[in-house]
Amino acid sequence: MVFLGLVTRAAYPEIPPRVEYELTPAGARLEVVLATMDAWAEQDLPRTGAAPVEDR
């Protein structure tokens, strides 16, 4: 079974059941895009989260 052409899924009739997922070549190429987006986000997006509050 192929999901959107990015991942394949293989189910094996075993006990306990076993399922394996693997990237297709198209899915592997998408990894480059995601890594580039991650690098951009790390550099250009502000960090979110609460700053520590000082005791008064």
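The paragraphs below lead through the strands, the charged side chains and the helix of this structure.

This is a predicted model, in which local features need pLDDT of at least 70 and side-chain atom pairs count only at pLDDT 80 or more, while totals for chains, interfaces and linings use all residues. Residues are numbered from 1 along each chain as its sequence is written, and side-chain values use heavy atoms, with hydrogens and water left out.

Strand 2 (residues 7-12) and strand 3 (residues 18-23) pair in the antiparallel sense over six bridges, where two strands pair if DSSP finds at least two bridges between them. Helices (H or I, at least four residues) and strands (E, at least two) are DSSP runs, numbered from the N terminus. Five residues lie between strand 2 and strand 3, and the two strands form a hairpin. Across this pairing, Ala10 stands opposite Glu20, which belongs to strand 3.

The charged side chains come next. A search of the whole structure finds two salt bridges, each being a side-chain nitrogen of Lys or Arg within 4 Å of a carboxyl oxygen of Asp or Glu. In one of them Glu14 is joined to Arg18, with the closest N and O atoms 2.9 Å apart, and in another the side chains of Arg18 and Glu20 meet at 2.6 Å, N to O. How exposed is Arg18? Arg18 counts as partly exposed because its relative accessible area is 31%, given that buried means under 20% relative accessible area, exposed over 50%, and partly exposed in between (1.4 Å probe, protein chains only). Glu14, at 35%, is partly exposed, and Glu20 is partly exposed at 37%.

Arg18 has a further contact, since its charged end sits over the ring of Tyr12, 3.9 Å from the ring centre; this description applies if NZ of Lys or CZ of Arg is within 6 Å of the ring centre and within 35 degrees of the ring normal.

Finally, the helix can be considered. Met37 is found in helix 1 (residues 25-44), and Met37 counts as exposed because its relative accessibility is 51%. Together with Leu30, Val33 and Leu34, Met37 makes a nonpolar surface patch of about 350 Å². Patches are made of residues with over 30% relative accessible area and no salt bridge, like charges being joined within 9 Å and nonpolar side chains (Val, Leu, Ile, Met, Phe, Trp, Tyr) within 5 Å.

Technical notes: Accessible areas come from the Shrake-Rupley method with a 1.4 Å probe; for residues, only the protein chains shown count as cover.
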